[in-house]
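Work through the exercises below with the sequence and the model open side by side. Try each task before reading its solution.

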Amino acid sequence: MTMTLAFDVYGTLIDTHGLVTELREFAGDRAGEFSRVWREKQLEYSFRRGLMHQYETFAVCTRQALDYTSASCNVFLTSQQKSLLLDRYAALPAFSDAASALDDLRVAGFRLFAFSNGTADAVETLFHNAGIREHFLDVLSVDDLCSFKPNPAVYSYFLRKSGATAGSAWLISSNPFDVIGAISAGMRAAWVKRSPDALFDPWGIEPTLTVAGLEELCGRLQASLSGE
């Protein structure tokens, strides 16, 4: 059976803290904190909008989270500075292990899809800038459903669009909420635990497998599947 892999984008393939150096220009020593709050609010706003059925794109959540973070951290940015940061956010770098790991997986025969809260156009731009678009059969976005992960409907949507069954599909994500969402929807999921300090939510729903980085993924998936 050919396995289908649904790759989360932001935080898994693309480094959402890739602007810390640029943020030092505006936030100084608080750049790391600024980046963390921005990311947390971005996700929180997507969750809340999904629950309230008040959909706006992930880019809107990102912009509004930047407004919040600027006020929260007392880093007062001009409209021009915010626009500059948002433009740079649209060109965030890929993690250093992404390209080689994706190549290994594609050569090994896995079907690779991007599956993101971001719009397809935004992900296409990120991937082309990062030089990793060629590894994917398609880019699938929750935007088509006007909702966000971890709504169960978006995982069902991925399966329909990719032509996969839940039993033949894995989600690959560094975000615990995404891993739990996919497993709850019947898929298997690998948690990319990039930091030894990262915590997984204690819900009693565990990742199918955990890797410290994408470079481990191909071998670990093959070993897992060969044991079935």
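## Exercise 1: A serine in a helix

Ser 35 sits in helix α2, which spans residues 31–52. The model is a predicted one.

**Task.** Decide whether Ser 35 is buried or exposed, and find which residues Ser 35 is in contact with, leaving aside neighbours within four places in sequence.

**Solution.** 
1. Start with accessibility. Buried means under 20% relative accessible area. Ser 35 has 3% relative accessibility, so this residue counts as buried.
2. Next, list the contacts. Beyond its neighbours within four places in sequence, Ser 35 touches Thr 16, His 17, Val 20 and Leu 23.
3. Now look for polar pairs. The side chains of Ser 35 and His 17 are joined by a polar contact of 2.5 Å.

## Exercise 2: The order of the sheet

**Task.** State the order of the six strands in the open sheet, and say which strands are the edge strands.

**Solution.** 
1. Read across the sheet. The order is β3-β2-β1-β4-β5-β6, and the pairing is parallel.
2. Find the ends. β3 and β6 (209–211) are the edge strands, each pairing on one side only.
3. Confirm the pairs one by one. Strand β1 (residues 4–7) pairs with β2 in the parallel sense over four bridges. β1 also runs parallel to β4, again joined by four bridges. Strand β4 (residues 169–173) pairs with strand β5 (residues 188–192) in the parallel sense, over four bridges.
4. Thr 4 has Arg 111 as its bridge partner in β2. Ala 6 stands opposite Phe 113 in β2 and opposite Leu 171 in β4. Leu 171 in turn stands opposite Ala 189 in β5.

## Exercise 3: How enclosed are β1 and β2?

**Task.** Work out how many of the six residues of strand β2 are buried, and which residues of β1 are buried on each side.

**Solution.** 
1. Take β2 (residues 111–116). Five of its six residues are buried, so the strand is largely enclosed by the rest of the structure.
2. Turn to β1. Thr 4 and Ala 6 are buried on one side, and Leu 5 and Phe 7 are buried on the other.
3. Helix α7 (residues 152–162) lies across β1, β2, β3 and β4, and runs at about 145° to β2.
4. Helix α8 (residues 176–184) lies across β4 and β5, running at about 170° to β5.

## Exercise 4: From β2 to β3

**Task.** Identify what kind of unit β2, helix α6 and β3 make.

**Solution.** 
1. β2 and strand β3 (residues 138–141) pair in the parallel sense over four bridges. Phe 115 stands opposite Leu 140 in β3.
2. Helix α6 covers residues 120–130.
3. Assign the hand. β2, α6 and β3 make a right-handed β-α-β unit.

## Exercise 5: Three salt bridges

**Task.** The count of salt bridges comes to eleven.

**Solution.** 
1. Begin with Arg 194 and Asp 97. Their closest N and O atoms are 3.1 Å apart. The pair links distant parts of the chain, 97 residues apart: Arg 194 is in the loop between β5 and β6, and Asp 97 is in the loop between α4 (79–89) and α5 (98–107). Arg 194 is partly exposed at 29%, whereas Asp 97 counts as buried at 11%.
2. Move to Arg 106 and Asp 103. This salt bridge is 3.3 Å, N to O. The two residues are three apart in helix α5, so about one helical turn separates them. Arg 106 is partly exposed at 37% relative accessibility, and Asp 103 is partly exposed at 30%.
3. Finish with Asp 178 and Lys 149. Their side chains meet at 3.0 Å, N to O. Asp 178 is in helix α8 and Lys 149 in the loop between β3 and α7, 29 residues apart. Both residues are buried.
4. A network of salt bridges links Asp 8, Lys 149 and Asp 178.

Conventions:
Residues numbered from 1 in each chain as written. Predicted model: local features only at pLDDT ≥ 70, side-chain atom pairs only at ≥ 80, totals over all residues. Heavy atoms only, no water. Buried < 20%, exposed > 50% of the residue type's maximum accessible area, 1.4 Å probe, protein only. Polar contact = N/O pair within 3.5 Å; in protein donor to acceptor, adjacent residues only side chain to side chain. Contact = heavy atoms within 4.5 Å. Pairing = 2+ DSSP bridges. Right-handed = clockwise from strand over helix to strand, strands pointing away. Axes fitted to C-alpha atoms, helices over the stretch in contact; angles between N-to-C directions. Salt bridge = Lys/Arg side-chain N within 4 Å of Asp/Glu carboxyl O.
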